[in-house]
Amino acid sequence: MNPPAKRVKLMDGSSISNTSADTHAFEDALQHGKPSITNLKHHDVLWYEDGSIVLATDEHLYCVHKSFLASSSSVFKDMLAMPNAESVMTVGSQGTHMGKDEDIYEGKPVVRMFGDSDENVYHLLMALYDRNFFRAGKPTTAPIVLSLLIMSSKYDVPVIQSEVIEHLKSYYVTELPQLRKCEIACKDLFCGSTSNDGTAIDFDAEEFAFQLLDAALRMNTLTLLPAIYYECSILPLGKILSLSNKHSLETEVVEKLLAGHEKLTKLSLIFGPKTLSPQTKCKFNSCLEARSTLHVEWLYLRGYKYPDPPRKLIMSGFACVGTAELRAKLCSECLNRTGSLAAEFELLFWTELPTIFGLGDWGALK
Ligand SMILES: [Zn+2]
């Protein structure tokens, strides 16, 4: 049995009367929204008897180590250094709060993690305490990655943040050479979400792209943004609108996605004429005919199938256009030219990708 815990002491109204609406939300949460810590359960795993601080979410109490938190996170470090009675911090752009007033639980100070879900707090603490809980390139799940991206940015935990970005980069690439050899699908980032027969459990790549965009924008994860924006904007317009609405993306972001969709569609469209150059003569009639036929096939493909996004063009190159038999009819000179023009297309796509979404050039994002 736990000894009776001291009730959360409410903030003195007079001390916060001139503060922001966020602080009032915090006060409301204290008075109405959150259960008293006496109603919360010890977390099964993250309750260390020798811990020196208790983190309280709306579900669990986590007994962890103050010095470990402070050494991992500058935000915790600052918060824990504050005198007890004044320890109310606003963290991140969402105006969420950590509140540490004079709560004491089993003789240990209590920090209430207002604005953070229990799942997010659990994932962050697990990643800090268990080196195998999350590693870049190792099996994991989408909720873990989203939690860690948000929490590591919000609480400034660079060791976890860099590892999450490293993990995501294997699909949301940040370099052109990586894109050329990227053979994984988005769901492969989350092989922890697959069942024994390899089928994905509850993983929706389209939905995930929007969740990730929302998190990356809030957390200002610049380096991943072009690839994430790209994944969202290549979806059909109806899907872009419904998912934007579902995840409450700002109008400005939705406009970028729609404009990006249009620009990428145009960019993808020019791939056919640009690489096959059906207007260029050749001394071999069969070659010219084959290029013209491939070009027409390219146009039909574009008309009937949902546009092949530039990413696929870069990964499969010229091989994704028409049949192998037709391509074999090109003379070596035209084939070489086609290859160089495809390389120019790649570079054009890659250079323009961040600017399409108003992110400046790649250099500004590193
Ligand atoms: Zn030729």
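**Reading the model**

Tutor: Let's begin with Val-64, which is buried because 21 other C-beta atoms lie within 10 Å (buried means 20 or more such atoms, exposed 12 or fewer, partly exposed in between, with C-beta atoms placed from the backbone). This is a predicted model, where local features need pLDDT of at least 70, side-chain atom pairs count only at pLDDT 80 or more, and totals for chains, interfaces and linings use all residues. Residues are numbered from 1 along each chain as its sequence is written.

Student: Which residues does Val-64 touch, not counting those up to four places away in sequence?

Tutor: They are Leu-46, Tyr-48, Gly-51, Ile-53, Leu-55, Leu-69 and Leu-125; a contact requires C-beta atoms, placed from the backbone, within 7 Å.

Student: How do I read two packed helices?

Tutor: Two packed helices are described by the angle between their axes and the distance between the axes. Here the axes of α5 (residues 142-154) and α6 (residues 158-169) come within 9 Å and cross at roughly 140°. The two are therefore oblique to each other (under 35 degrees is roughly parallel, over 145 roughly antiparallel, 65 to 115 roughly perpendicular, and the rest oblique).

Student: Which residues of α5 and α6 make the contact?

Tutor: Val-145, Leu-148, Leu-149, Ser-152 and Ser-153 come from α5, and Ile-160, Gln-161, Val-164, His-167 and Leu-168 from α6.

Student: Where does pLDDT stay under 50?

Tutor: Where pLDDT is low, the predicted coordinates should not be read in detail. pLDDT, the predictor's confidence in each residue from 0 to 100, stays under 50 over residues 1-28.

Notes. Axes are lines fitted to C-alpha atoms, for helices over the stretch in contact, and angles run from 0 to 180 degrees between N-to-C directions. Helices (H or I, at least four residues) and strands (E, at least two) are DSSP runs, numbered from the N terminus. Two residues are in contact if their C-beta atoms, placed from the backbone, lie within 7 Å.
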